Each structure stands twice: as structure tokens, then as C-alpha cells.
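Biologist: I am new to this one. Please show me the structure, and then I will ask my questions.

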Amino acid sequence: MKRNSLSSFYVSLWLLFTAVILQAVESAKGKYAHMLFNELFEDYSNALRPVEDTDKVLNVTLQITLSQIKDMDERNQILSAYLWIRQSWYDAYLKWDKDKYDGLDSIRIPSNLVWRPDIVLYNKADDDFSEPVNTNVVLRYDGKITWDAPAITKSSCVVDVSYFPFDSQQCNLTFGSWTYNGNQVDIINSLDSGDLSDFVEDVEWEIHGMPAVKNVITYGCCSEPYPDVTFTLILKRKSSFYVFNLLLPCILISFLAPLGFYLPADSGEKVSLGVTVLLALTVFQLMVAEIMPPSENIPLIGKYYIATMTMITASTALTIIIMNLHHCGSEAKPVPQWARVVILDYMSKIFFVYDVGENCTSPKREKEEECKLEGDDECQRRHKEVRNHLSNRNDDCDLKEKLNGNLSKSYGVHGENVRETVNCCSCYKMLIKNIEYIANCVRDHKANRAKGIEWKKVAKVMDRFFMWIFFIMVFFMSVLVIGKAA
């Protein structure tokens with residue numbers, strides 16, 4: 001029991017001694033830091049370039065770390081990004097011997113106390129021209145200064161939306177000194193590309209790299225070279241959102257347009273369906289136009305919308321023409337011979353179009369339509385039999401009239417019977433005329449009805465023909481859009 005209490009006492013004593021030693025060392029460090037700061041900045045000026053020889057070039061190492069893409073405004077062509085900018089250089093007037101200051105090798109001081117290179121973003125597209133964030137800099141004993149500063153940049157980016165929503169973009173971030181030329185301040189790449197190790201994944205864009213290239217440009221105003229470092233941010237759009245919200249609804253709606261040809265003409269909704277589909281695509285076209293820049297490059301999805309709307313407009317116009325053929329009626333001209341051969345004989349079989357009362361399993365006409373055409377042989381045969389029978393009755397009347405006339409001359413009797421016979425024959429003649437008139441009316445009615453039925457069949461065949469044509473066009477346009485995207 002005594003041993004345990006003694007060991008606990010010694011451990012507590014050791015911890016107390018260690019804490020006192022560390023506090024003393026920290027106090028010593030703080031004392032030397034204050035002393036060092038006062039000595040370094042006693043005669044220091046942050047207004048001039050910190051080199052001992054004014055003809056010597058001061059090298060600034062630049063490193064960019066991309067943390068997050070905040071926004072990509074395609075319409076205004078502005079990229080908003082959250083960056084960590086690291087700059088490091090050597091200050092010839094901020095050096096010390098660390099042994100004189102108890103091994104103190106670095107201190108952290110406000111950045112506005114030291115000279116800083118005026119490196120800015122050349123293609124900045126922000127209205128705010130405020131100063132950089134005054135974060136601390138790390139000052140080492142050999143004069144090396146490292147300045148890490150966060151920045152939210154808005155840079156101009158030329159956006160090419162030709163293949164939207166399957167597009168890729170390249171946005172440049174160009175950094176360089178605003179006033180110092182290459183003979184005074186030179187910029188050196190710390191890495192061959194931007195640092196993407198701390199990048200927060202974006203919901204709309206994929207990062208495929210950020211290569212860095214140093215450029216030395218001589219501007220027209222000055223003869224000295226001006227170096228800059230350009231970081232090219234390679235972006236690939238994640239297209240799933242736009243496929244499910246803009247492209248897929250358009251494809252589904254466009255497949256409704258050919259079905260307007262399959263809709264029966266008597267329903268009265270054929271034109272309404274085409275107009276409704278056209279209005280729906282117009283709404284989607286306006287949605288795409290709102291997010292795209294007003295440039296001459298029409299996006300791929302916009303081209304698809306325009307082509308589909310043109311096709312639906314053509315289908316609606318064709319539907320109106322075909323409906324006029326369907327409602328031609330008996331007053332129209334007969335179907336031309338070439339249309340009978342091409343449309344009624346061949347195309348109707350190809351597209352499986354049958355007459356009223358026919359289907360693919362029982363392609364026989366009803367018995368009541370046997371005599372619908374004017375040149376029907378069976379109908380004419382029956383009509384001739386009726387006329388022959390009535391003519392025979394008429395001949396019998398004439399024969400009886402002659403016989404009765406002879407008898408009346410010979411015997412002078414039966415006058416009343418003769419008159420009755422003559423009246424009966426005249427009734428037969430009137431009956432024959434009436435029957436002939438009725439037969440002609442029925443024959444004309446059937447001929448006109450057959451003419452209207454032929455025009456309706458022509459319209460139905462043309463409906464089926466254009467339905468398959470437009471189905472094929474929609475399919476190939478959809479495949480073409482997906483193929484270009486791939």
C-alpha cells in the first residue's frame with residue numbers, strides 16, 4: 001500500500017516538473033520571438049521589393065489548391081471557385097541566426113507587415129476589387145516567406161454548349177503580377193498542375209484535371225516580358241439530371257406524335273393531339289433557352305427539340321390534309337386509277353389496312369356490300385331479270401289489247417272488259433317506270449357511298465404510312481442524339 005502511494009507521488013512530481021520546464025521554455029520562446037520581431041522590423045519597409053540587388057529577379061513560387069466549385073454560370077459564362085492560394089518567396093531583409101534566439105526557426109506574423117507580390121487573377125469577372133485576405137504569413141530564419149490565403153474567385157470562362165448536356169468545359173485561371181515585369185518578379189510553378197487532393201466533389205461537374213502552364217507574354221504597351229501561370233480546369237458535366245428532366249421527357253413526348261396518325265379520324269382529336277405535343281415541346285425548349293448563353297452555338301438538345309417540333313408541325317399539317325381526304329364524301333371526284341393501284345391494292349396490303357367490317361382473320365366483305373360498285377355484274381344481272389320479266393308482262397298486255405280489239409270489232413261486245421284490260425296495261429307501264437327510277441336511285445346511292453368508302457380507305461392507308469415514317473424518324477433522331485453524346 002505504501003509502495004503504491006509512493007509511486008503515485010513520484011509520477012505527480014514528474015508531471016509537475018515537466019510542466020514547469022515546458023512553461024519556462026515557452027516563456028523563453030515567447031521572449032525571443034518578441035525580441036526577434038522588434039529587431040527584424042525596426043528598419044524594415046514593406047513598400048519595396050526585398051532584394052539586395054535591384055537588378056536581381058525575385059522568384060515567387062505559386063501553388064493553387066482547388067477546394068470547391070461553387071457555381072458555373074453558363075448564361076453569363078462565369079466560373080465561381082473556392083481556392084487556396086499559396087505563395088512563397090525569399091525576403092533578403094528578414095533573416096536571422098536561429099542559434100542567437102534559442103533555436104527559434106520560424107514565426108507567424110500578419111501578412112500586411114511584409115512585402116507581398118501583387119499577383120492577381122487576370123481573367124477576374126467579379127465586381128469586388130477588395131484586397132486579399134490578411135492572413136498570417138510564416139517567416140523562416142533563412143528569409144523564406146510562405147503565404148496561404150483562401151479566395152473565392154469569379155473568373156470568365158468561354159462556355160461551349162454545343163453538346164449540352166453531354167458537354168465538357170475548359171476554364172482558365174491565369175495568375176500573374178500586375179505591376180512587376182519578368183525582370184523584377186518571376187513566377188515559378190510549384191507543381192505541374194493544381195492540387196486536387198482536398199477537392200469537395202461537385203454534384204454537377206466532374207474534375208478531369210487541372211494542368212498548369214507558364215507563359216511569358218510581351219504586351220504592346222511595354223517591351224518587358226510579363227510571366228503568368230495559367231491553370232486549365234477541365235470539367236465534365238454530369239448529365240444524369242438533364243437526361244431525366246429534359247431529354248427523356250422530350251423523347252417520350254415525341255413518340256406520341258406519330259400515334260396521332262393511328263387515332264381514328266372520326267374521334268376529332270387528331271389535330272388536338274399534335275398541337276398539345278407541340279406546346280409541350282415548346283415549354284421544354286424555353287427551359288433550355290433560359291439556362292443557355294445567347295450565342296450562335298445551339299446546344300445538342302436544342303437541335304433535337306427544333307427537329308422534333310418541325311416533325312410534329314409537319315405531322316399536324318399532314319393530318320389535316322388526310323382528314324380532308326377522309327371527309328370527301330359523295331360529291332368528290334372518284335379515286336384516280338393510279339391511287340387505286342398503288343394505295344388501295346398494294347399499300348393497303350403492306351400496312352394491313354382493311355375495309356369496314358374486315359380484319360386480319362376474316363377478310364371477307366359483308367353480303368350487304370355485294371352491289372356497292374356501279375359496275376357490279378350480279379346486280380346488273382338481277383336488274384335485267386326484273387326488267388325482262390316486266391317487259392314480258394308488258395308484251396302480254398299489248399297482245400291482250402290487240403286480241404280484245406279484234407274481238408270487239410268482230411262481235412261488238414265486251415267493251416267494259418277491253419277498257420279494264422287497257423287500264424291494267426297502263427298500270428304495268430307506270431310500275432315499270434317507277435321501279436326503274438328506284439333502281440337507278442339505289443344504284444347511284446351505292447356508287448356514291450362506294451366512292452366515299454374508297455376515299456376513307458385512302459386516308460386510312462396514308463395515315464398508317466405516315467405513322468411508320470414518323471416513328472422511324474423519331475427513332476433515328478433519338479439514336480443520333482445519344483450517339484453524338486457518346
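Modeller: Residues are numbered from 1 along each chain as its sequence is written, and side-chain values use heavy atoms, with hydrogens and water left out.

Biologist: What pLDDT does the protein average?

Modeller: pLDDT is the predictor's confidence in each residue, from 0 to 100. Of the residues, 73% score at least 70. The average for the protein is a pLDDT of 77.

Biologist: How many contacts beyond four places in sequence does the model have for residues 399-415?

Modeller: Contact means heavy atoms within 4.5 Å. Over residues 399-415, pLDDT stays under 50. Where pLDDT is low, the predicted coordinates should not be read in detail. The number of such contacts for residues 399-415 is six.

Biologist: Which residues does UniProt list for "transmembrane region"?

Modeller: The UniProt entry is unreviewed. Its positions are given in the numbering used here, feature names are shortened, and annotations may be inferred rather than shown by experiment. In the model, residues 271-292 are 95% helix and 0% strand, with end C-alpha atoms 32 Å apart. The entry lists residues 241-264, 271-292, 304-325 and 465-483.

Biologist: How are α2 and α4 oriented, roughly parallel or roughly antiparallel?

Modeller: Helices (H or I, at least four residues) and strands (E, at least two) are DSSP runs, numbered from the N terminus. Axes are lines fitted to C-alpha atoms, for helices over the stretch in contact, and angles run from 0 to 180 degrees between N-to-C directions. The axes of α2 (residues 240-254) and α4 (residues 270-291) come within 10 Å and cross at roughly 155°. Angles under 35 degrees count as roughly parallel, over 145 as roughly antiparallel, 65 to 115 as roughly perpendicular and the rest as oblique, so α2 and α4 are roughly antiparallel.

Biologist: How many residues in the contact of α2 with α4 are nonpolar?

Modeller: From α2 come Tyr242, Leu246 and Ile253, among others, and they meet α4 residues including Leu281 and Phe284. Ala, Val, Leu, Ile, Met, Phe, Trp, Tyr, Cys and Pro count as nonpolar, Asp, Glu, Lys and Arg as charged, and the others, Gly among them, as polar. One residue of the α2 and α4 contact is polar and no residue is charged, so by these classes the nonpolar count is 12.

Biologist: What is the handedness of the crossing of α4 and α5?

Modeller: α4 and α5 (residues 300-326) pack at about 165°, with axes 9 Å apart. That makes α4 roughly antiparallel to α5. A crossing is left-handed if the near helix is turned anticlockwise from the far one by less than a right angle, and right-handed if clockwise. The crossing of α4 and α5 is left-handed.

Biologist: How are α2 and α5 oriented, roughly parallel or roughly antiparallel?

Modeller: Their axes come within 11 Å and cross at roughly 15°. Among the α2 residues, Leu246 and Cys250 take part, and α5 brings Tyr305 and Thr308, among others. The two helices, α2 and α5, are therefore roughly parallel.

Biologist: Is the peptide bond from Phe164 to Pro165 cis or trans?

Modeller: Pro165 is found in the loop between β6 (144-156) and β7 (168-177). Omega for the bond is near 10°. The bond from Phe164 to Pro165 is cis.

Biologist: What is phi of Gln77?

Modeller: Gln77 sits in the loop between β1 (58-73) and β2 (78-90). Its phi is a positive value in a residue other than glycine, near 55°.

How values were computed: This is a predicted model: local features need pLDDT of at least 70, side-chain atom pairs count only at pLDDT 80 or more; totals for chains, interfaces and linings use all residues.
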